[in-house]
Amino acid sequence: MLILGIETSCDDTGIAVIKAEGKKPIPAPEQVRCRVNFDILSNVVSSQIKTHAPFGGVVPNLAAREHLKNIEPCLKTALLEAGIKLKDIDLITVTVGPGLIPSLLIGVNFAKALAYRFNKPIIGVNHIEAHIIAAVAATSPKSRIPNPKLFPAVALVVSGGHTQLVLVKKIGDYKIIGETRDDAAGECFDKVAKLLNLGYPGGPIISTKAEEFRIRNQESRIKLPRPMINHKNYDFSFSGLKTAVLYLTRENKEKLNDEKFIQELCRETQQAIIDVLTEKTLKSAKEYKAKTIILAGGVAANKELRNQLELRIKNQESRIKFLVPEMKLCTDNGAMIAMTGYLAVKRDPDFGRGKSWQKIKANSNLRIGQKM
Ligand code: KG4
Ligand code: ZN
């Protein structure tokens, strides 16, 4: 089965073609298991970093304009790389939320138009679920849905727009157990980078500078807060951390041109974020008796976060498995949408009844587990 995945929820236009080879689908509500191989034939991502960099963050209307410009060329490239034509596609999948509504609408309307014009079935995909599925299913180029023995799992989804801890009872059955009350973890990286005039997106830049400090093997003298780290719930708050960095820059104006000071500040900011994320994830995994911890979303591309979380799991909860997507499947892409859409179709006994394109709607506030 050939699946087209379309992603435009934020500032990456992603279009992928994947091939799913499965034995007979297991009907809902049974677990989808060990029966599907995903082959990523193409996974084209057009980034808008240059457009948004001067603003230090994503400007929704500019993002929509860029998606509109890029979506058709991305589709052409994705089909070309996969060596197929649109008529060969068996299923269209598209992100319907959560995300920026001007961005979502471009992908959703494009996908609906394709489904209508070429008379193809289409399914809407939750972006957060797709980040989780990227970790569970994806070891490119061949991917396999692993054994249900992995569940229940706790998934830490950390991106520019979201920071959530999700209990994954099985694929398709999710409950949010904690989330950020203000800024997302990625947003905190981006805003701190903006404060320090380092550019956009902040995550990769801060992590590079932090690494330059780390390899000097020094203890950080800067101390930043670890917001909500000892609270009994699994919620997060990162806006105070950004404010703490703001005050620190005001008190140390003379050091802002000192590269070593900036590296140290980046290291401490990154470590504060990592400490809170890893602490809460491990605590929740323990409480919910998770067999697996999943790390997903754009911030999962952060090497230190990956390493430190893995190390803490090994040291503290060695029975728990750790899953994280390869780097390029951490940030937004179409392949994760295609895989998630395919699994959802296989679970839904009603899929295929009626004109599926008429049911697809963008919803910027869509929550994982919410009916679409
Ligand atoms: O999932 P994603 O591609 O888009 C959203 O759905 O938001 O995540 C983008 C976010 C940005 O905030 C970016 O700064 C962050 O992921 N990010 C990183 C790294 N690479 C990307 N954060 C920390 N370290 C990284 N290496
Ligand atoms: Zn994302």
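A residue counts as buried when its relative accessible area is under 20%, as exposed when that area is over 50%, and as partly exposed in between, using a 1.4 Å probe and protein chains only. Keep that in mind as we walk through this predicted model, in which local features need pLDDT of at least 70, side-chain atom pairs count only at pLDDT 80 or more, and totals for chains, interfaces and linings use all residues. Residues are numbered from 1 along each chain as its sequence is written, chains are lettered from A and ligands numbered from 1 in the order in which they are written, and side-chain values use heavy atoms, with hydrogens and water left out.

Helices (H or I, at least four residues) and strands (E, at least two) are DSSP runs, numbered from the N terminus. His127 and Asp332 are both buried.

Now follow α4 to its meeting with α10. Their axes come within 8 Å and cross at roughly 95°; axes are lines fitted to C-alpha atoms, for helices over the stretch in contact, and angles run from 0 to 180 degrees between N-to-C directions. The two helices, α4 and α10, are therefore roughly perpendicular, a label for 65 to 115 degrees, whereas under 35 is roughly parallel, over 145 roughly antiparallel and the rest oblique. On the α4 side, the residues that meet α10 include His127 and His131, and on the α10 side they include Met336 and Leu343. Contact means heavy atoms within 4.5 Å.

Helix α2 (residues 60–82) and helix α3 (residues 101–118) have axes that come within 7 Å and cross at roughly 30°. These two, α2 and α3, are therefore roughly parallel to each other. Among the residues that meet are Leu68 and Ile71 in α2, and Ile106 and Phe110 in α3.

Finally, look at Asp235, in the loop between α6 (202–214) and α7 (239–251). Asp235 is buried, with a relative accessible area of 18%.
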